[in-house]
Amino acid sequence: SLDLSALEPEEMEGILDYAFHRYFDDSGLFGTVDDCLARVTEVEAIGVDEIACLVDFGIETDTVLRGIERLAEVVRMTKALRERAVKIAARGDDPA
């Protein structure tokens, strides 16, 4: 196991920086509604059909609720895009 207390401050900062970017860029829905919509689109393209939600209740309730409202907007927009794609496919239109 890794003894984090033995690390130099620069090493610890490097680990924390890596962890932040790993989760922020590759492993979650962070950022604006448009950022999250883009991420959902990316993972749907590789076959993901369900995304879990971890809610941090250690912060202000209003902050949590605003985040959930934004997440609901991502869900609405994702459904609308999916419905549009189905209609286009049914008509045989070229979306380009």
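**Starting point.** I am working with a predicted model, so I kept that in mind throughout.

**Fold.** I looked up the secondary structure and found 3 helices and 0 strands in the protein chain. Read from the N terminus, the order of elements is α-α-α.

**Dimensions.** Next I checked the radius of gyration: the protein chain has 19 Å, whereas a compact globule of 96 residues would be near 12 Å. I also took the extents of the C-alpha trace, which spans about 65 × 30 × 20 Å along its principal axes.

**Burial and surface.** How much of the protein chain is buried? I noted that buried residues account for 10% of the 96 residues. The accessible surface of the chain is about 8,100 Å², and carbon and sulfur atoms hold 57% of that.

**Contacts.** I then turned to contacts between residues at least 6 apart in sequence, and 38% of these join residues at least 24 apart.

**Nonpolar patch.** Which residues form a nonpolar patch on the surface? I wrote down Phe-20, Tyr-23, Phe-24 and Phe-30, which together have about 430 Å² of accessible area.

**A closer look at Phe-30.** Why does Phe-30 count as partly exposed? Its relative accessibility is 42%, and the partly exposed class lies between under 20% for buried and over 50% for exposed.

Technical notes: Residues numbered from 1 in each chain as written. Predicted model: local features only at pLDDT ≥ 70, side-chain atom pairs only at ≥ 80, totals over all residues. Heavy atoms only, no water. Patch = residues over 30% accessible without salt bridge, like charges linked within 9 Å, V, L, I, M, F, W, Y side chains within 5 Å. Areas by Shrake-Rupley, 256 points an atom, 1.4 Å probe, with all protein chains shown as cover. Salt bridge = Lys/Arg side-chain N within 4 Å of Asp/Glu carboxyl O. Buried < 20%, exposed > 50% of the residue type's maximum accessible area, 1.4 Å probe, protein only. Helix = DSSP H or I, 4+ residues; strand = E, 2+ residues; numbered from the N terminus. Rg over C-alpha atoms; globule rule 2.2 N^0.38 Å. Contact = heavy atoms within 4.5 Å.
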